[in-house]
Amino acid sequence: MEVLVASAIGLLTAVGVYLVLRRQTFPVVIGTVFLSYGVNLFLFATGRLAVNQPPIYAAGAAGYADPLPQALVLTAIVISFGMTALVVVLALRSFLETGSDSVEDSPAAADETAAAQVTTDQARP
Amino acid sequence: MNLILVPLIPLFGALLPPLFARSGRDTTMLVTLAVTLSSLALLLLDAPAVYRGETVLAGTAWVPEIGLSFRFFADGLGLFFATMILAIGALIIVYARYYLSRQDSIGRFYAYLLLFQGAMVGIVLSDNIILMLIFWELTSLSSFLLIGFWGHAAAGRQGARMALVVTGGGGLLLTAGMLLLGHVGGSYELSVLLTKGDVIKASPLYPLILALVLAGAFTKSAQFPFHFWLPHAMAAPTPVSAYLHSATMVKAGVFLLARLWPVLAGTDLWFSIVVPVGLVTMLVGAWIALFKDDLKAILAYSTVSHLGLMVMLLGLGTPYAAVACVFHILNHATFKAALFMAAGIVDHEAGTRDIRRLGGLAKLMPVTAVLAGIASASMAGLPPLNGFLSKEMMLEASVSGSLAGLGWLIPVGATLAALVSVAYSVRLAVGTFAGPARHDYPHHPHDPGIGMWLPVALLVVLVVAIGLLPALIAGPIVARTAQAVIGAAPLPYYSLSLWHGFTPALFMSIAAVIGGVLAFQGHGGLARLRSAWPRPEAKAMFEAVITAAVAAARWFTLRANVESLPRSIAIIAVSVLVIGLWAFTHFPHAVGTRAMLPVHVVALVAWGALIAAAGVVVIQHGNRLLTLVLTSVVGLIVSLAFIQFSAPDLALTQISVEVVSTILLLLALNLLPKTAPAEPQTARKVRDGAIAVAAGLGVAALAFAILTRDFSTISDYHIAQSKPGGGGTNIVNVILVDFRAFDTYGEIIVLGIAALAIFALLDTALRGPAARRLDSMRQGLESAEAHPLILVVATRAMLPLVFTVGVFIFLRGHNQPGGGFIAGLVVAIAYIMQYMASGYAWSHQRARFDGHTLVGAGVIIAGLTGLGSFVFGRPFLTSSFGYFDIPLIGQIELATAMAFDTGVFLAVVGTVLLALAQISRIEARAERSPVPDGPSDIRLPQAAPQAGGSLPREG
């Protein structure tokens, strides 16, 4: 089972990284969602895997899964939602503002802006 | 306790001058003066005790864990410096009122000045060395503000920046030195450290501590080779130069050396660093001063030279030299502050302070001429003035020192510096005031009003009085202060008097005066000699270094942070991979030995589904709707994994978040492009794919390594204490709302901030170009019915049911899977369904609470619950619970944690509603035209009830 979980975490991370490296906003947003899945599962896995041992206190329970990573991941899931919402709204606003959903400028344009900046700074006394 | 107030009154008093600035300049001056004088009066209340030989201590602990305390102490040295700072400060405040013009913002000036004053007093009175560092940095900052007070002048800005870089940089080194000092000495309190000199000098860290502390002191006190910032700081208004850059701040370094003298001085290392630095500074400063034409520049370099003198005396390490140093600090403060203010008067009245354009002012401004003449004579070291006395002592002390085995080196150097001192002092006084009056001054010069010359006169009276009656006036102060410097050792024999008989110092002094006058006569020849030599231009070098540093930073920033998200992320990802690879190859990485769980078929199927969904997402990410659906599938499988591995709370949370975020992304996708242009660059896909695969492999290996190793956890405490300590059996929930409630509190605040940011981003999208684009998006109807009847009816009927479920999940959360987060998400989903089914306008009209109120209420309720524990004298967010019997219902448990969870619940509902309602609002704008206003296809009865409940009638 550990192999399945570890490989799933790796896969989710790889898909997330690949999508985040795309050039339009929507795949980037989906990429962050995948990365959240991967990271949350990873954090959860630091408590190791346990079957049929929920961390609900009960007399005579055989054992408990580690509750601390679960608590951390629970808030992480909700925060991930907040982040996804913010990023998608940012993407939406940027699309509405510019009419483009690209997340990169051409490298040439970036260099030009930088050069212009340097000139203005030097012109200042 | 008075002592705490001494630095605090000016620091907080700095708020007053700007408030009074509108009441006129005189009122502002009087208020500022009152602040300084009240601080001085409180300080002097402690003087009798100090002069009885006691050390006055006051203060309290602050952060004991890091050795920081808010403690002050006054002994002879601290009292001496603090009195000097406050008394000269009072004179400067009066002077500045008349110096600054109407255009200058006097309130702001006095605020900076008081800030500086408080910080400076803080340095000299701090008992705790970390506290002292805080004040030390504060003087650098306030000095920056004061030097750059005339920010419209480029020289002011550059001078301020240079001073900040040099003294601030030195401050950082000093911080390191002080921390080491406290570490070695075992205490961060000076009153303890001063008795630990032997321990510290014996420590192997002593050379490092010494180097760091000296770096701080030398930069602050403008010692060679850091002397270059001080002359450029002269771009400040003259009252600032007189106060900070002659009498007080630049003496902070000297003060530090004097303060730590019992701890650090007396070793060969100390001697062989401090004495040469002092001697060279003394000579270089005096030499440059001789050739400057700007009065303030002459005084600035002269200050550098005199600071060098003080440093050299402390470096000699003999008690006699320490006495001489203390005496010279006092004398230098009087004559140099007087001279600076006199130079300011000349500048103010004649319109220039260039010595080549001055001369002959004695007849036009006799009062200033007399005062400046006396102060210059003192600077030159002529009898019967105070400058003469301390110079004699300095020469006397220098005879005993031997550098590099050469007994004559220090006395000759000292005499030479004194000689040049005479020359530039004579040049200053003669060049400005002697000779015939000229007719080409920029202004018509005359003596200023009494407000400007009285502060100078008071100082000059001191110059003469100390010169004539040194033992009577300065004797006790010097004795008490010098005793504090040299610590427990007995004071050496010395006598403060004009005539000591035919000592070597007298002959050295006579040689210096004669040589100085000759040098003044031969000034032209010396200047030609000097200009024939190449000499480094400190400002150009400094600017070159700064420019190079900025260029390097910019080069790196532009390379690392291009305006392309994929490239930036690729740089980050590759950097992380490189670090990971390095760790992987440098450390062992065998597979762990923990027993693995058996695989069963269901898990394998889920795993296969995950692989398939993820694979299709990668290939088909251009088809965005499909991508979104498959992403939800992945999310569902993740929830299943949580169920499988004993995490019911996580599964519930994941599945509700999945619903909410899918709706959110669907709504957003409606406005975003639905398909992507094909990516033609295969090379790029391969590159990104390689990065992604490497990242995935790394994370998988890491996860596998963790999963196959045993571990020890701190959770046993949580498990054991959940029921007895937190009153709940759902350990995860108890951790969230009790053990680690502070984290949760922070998290709901983050959520709230995200919601507000979303609101701000979308609210403003209804104006400007974004709104125009939204309007242009209006498309024809895609479906005959915008609000399908069955959906509308179903969601409204569901609403109360879902609420009930939410309340149930909330209430059971403390003991069974559930809680505020999950209940919040469930209730939010019920609301969102209304927006989806009945449209934004209809739902918004009926919403009793908007998202802002819910988020705010949630955070406030959670915060108040936390604060409630203060009432019972417990730390923030301490929870309490009890069991209560209620008739009919029976025994129930009430815990304060539930109130906290209510806050969490409300914040989550508010966040989700705010985010989704805003997107719906944007959608409504872009929706099919005409936008359905109100129930598009359902007519409501008048005074419609709250959403849900009654069945709507079809229209």
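In this predicted model, two salt bridges are counted between chain A and chain B. One of them joins Asp688(B) to Arg22(A), with the closest N and O atoms 2.2 Å apart. Polar contacts between chain A and chain B amount to 24 residue pairs, counted where both residues are at pLDDT 80 or more.

On the side of chain A that touches chain B, helix 1 (2–20), helix 2 (25–45), helix 3 (67–98) and helix 4 (107–123) of chain A each supply at least two residues, and the largest share, 25 residues, comes from helix 3 of chain A. By residue type, this side of chain A divides into 61 nonpolar, 16 polar and eleven charged residues.

Taken as a whole, the contact draws 88 residues from chain A and 113 residues from chain B, and the area buried between chain A and chain B is about 9500 Å², with carbon and sulfur atoms giving 76% of that area. In chain A, the residues that lose the most area to chain B are Met1(A), Arg48(A) and Phe81(A), which together make up 9% of what that side buries.

Within chain B, helix 34 (residues 715–726) and helix 35 (residues 731–739) pack with their axes 10 Å apart and at an angle of about 70°, and helix 34 of chain B and helix 35 of chain B are therefore roughly perpendicular to each other. Residues making this contact include Tyr717(B), His718(B) and Ile719(B) of helix 34 of chain B, and Ile731(B), Val734(B) and Phe739(B) of helix 35 of chain B. The residues of the contact between helix 34 and helix 35 of chain B divide into six nonpolar, five polar and one charged.

Technical notes: Residues are numbered from 1 along each chain as its sequence is written. Chains are lettered from A and ligands numbered from 1 in the order in which they are written. This is a predicted model: local features need pLDDT of at least 70, side-chain atom pairs count only at pLDDT 80 or more; totals for chains, interfaces and linings use all residues. Side-chain values use heavy atoms; hydrogens and water are left out. Contact means heavy atoms within 4.5 Å. Buried area is the accessible area (1.4 Å probe) that two parts lose on being put together, summed over both. A salt bridge is a side-chain nitrogen of Lys or Arg within 4 Å of a carboxyl oxygen of Asp or Glu. A polar contact is a pair of N or O atoms within 3.5 Å; within protein, one must be able to donate a hydrogen and the other to accept it, and residues adjacent in sequence count only if both atoms are side-chain atoms. Helices (H or I, at least four residues) and strands (E, at least two) are DSSP runs, numbered from the N terminus. Ala, Val, Leu, Ile, Met, Phe, Trp, Tyr, Cys and Pro count as nonpolar, Asp, Glu, Lys and Arg as charged, and the others, Gly among them, as polar. Axes are lines fitted to C-alpha atoms, for helices over the stretch in contact, and angles run from 0 to 180 degrees between N-to-C directions. Angles under 35 degrees count as roughly parallel, over 145 as roughly antiparallel, 65 to 115 as roughly perpendicular and the rest as oblique.
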